[in-house]
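Please open the model in your viewer and keep the sequence panel beside it. The stops below say what to select next and what is there.

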Amino acid sequence: MPLKVIGAGFGRTGTLSLKTALEKLGFGKCYHMVEILKDLRHMKHWAEIMQGGKAEWDTLFKDYQAALDWPVAAYYKDLMTIYPQAKVILTIRDPNSWHRSIMTTLYQAQRRSLVRFARIIPPLYRFLHGMENSIWQDVFQNNLEDKDHAIKVFNNHIEEVKRVVPPERLLIFEARQGWEPLCSFLNVPVPVGQPYPHRHKGTLVRQFLRYTNLTEYR
């Protein structure tokens, strides 16, 4: 089935909450990095894609109507062409808050903990190595720790998406806005009596970092 929703927002911009929201709105199981980490086949496929291999998008997304979070967001332009009817959601948040969040969650896990741990699981190691190259290096020039540089990349990405995506296909969305703009954009009713979901994947990552004791946590 073709994708109906493509997420263009960086990780740590409310993508897990959006995944849950889309699933509640009837878009089926939503593709997100948490889905990749459940399936060795998806890890292998993404490792090949991020190393320049051919992407079999229809195979990858055959059971999904929506896809977001990294590494999907790095390929939003390709996916817009493959799925011309799909709408694009750009999740955003305060840049300073985003940088603080990513530095204490995904970046720590990727660079200092999970990569070492994943050596015993080759598909996971290859996937994380691909993320290292395609996200931390290609997107952030391996300089995510420089806050000013990282925020500049973050803001430039937002402006790029605004330029690339036709206005009628694009929603710029913050989780704090709740259901109304999302449901209006997708032409679905607002759930009655259900608050917009707020999922905190960062908490789980921080717990992992503390448990493994592989890196100093601040």
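This is a predicted model: local features need pLDDT of at least 70, side-chain atom pairs count only at pLDDT 80 or more; totals for chains, interfaces and linings use all residues.

Residues are numbered from 1 along each chain as its sequence is written, and side-chain values use heavy atoms, with hydrogens and water left out.

**The whole chain**

Begin with a cartoon of the protein chain, which has 11 helices and 4 strands; helices (H or I, at least four residues) and strands (E, at least two) are DSSP runs, numbered from the N terminus. Of its 218 residues, 53% are buried, where buried means under 20% relative accessible area, exposed over 50% and partly exposed in between, with a 1.4 Å probe and protein chains only. Among contacts (heavy atoms within 4.5 Å) with a separation of 6 or more, 74% join residues 24 or more positions apart.

**The nonpolar cores**

Next, select W46, W57, F61, W70 and F140, the residues that touch the most other members of the largest nonpolar core, which has 49 residues. Such a core is a set of buried Ala, Val, Leu, Ile, Met, Phe, Trp, Tyr and Cys residues joined through side-chain atoms within 4.5 Å. Helix α8, residues 122–137, gives the most to this core, with 6 residues. Then show L25, I89, L171 and F185, which are included in a second, separate core of 19 residues.

Which residues does W57 touch, not counting those up to four places away in sequence? They are W46, I49, Y75, L79, I82 and Y83.

Move to F140, in the loop between α8 and α9, which counts as buried at 0% relative accessibility. Setting aside residues up to four places away in sequence, F140 touches F10, W70, W98, I135, H149, A150 and V153. The C-alpha atoms of F140 and I151 are separated by 9.7 Å, with the two residues 11 apart along the chain.

Now select G130 in helix α8, where the relative accessible area is 0% and the residue is buried. Beyond its neighbours within four places in sequence, G130 is in contact with M50 and I135.

**Helix α1**

Helix α1, residues 15–24, is largely enclosed by the rest of the structure, because 8 of its 10 residues are buried. To see them, select T15, L16, S17, L18, K19, T20, A21 and L22. After α1 comes G26, with a positive phi near 95°.

**The cavity**

Finally, display G9, F10, T13, L90, T91, F154, H157 and I158, which line the largest cavity. A cavity is here a set of points, on a 1 Å grid over the protein atoms alone, where a 1.4 Å probe fits but cannot get out, and lining residues have an atom within 4 Å of a point. The volume of the largest cavity is about 30 Å³, taken as the space filled by probe spheres set on the points, which are joined across faces, edges and corners.

Conventions
On a 1 Å grid over the protein atoms alone, a cavity is a set of points where a 1.4 Å probe fits but cannot get out, and a pocket is an open set with protein on both sides within 12 Å along at least five of seven lines; lining residues have an atom within 4 Å of a point.
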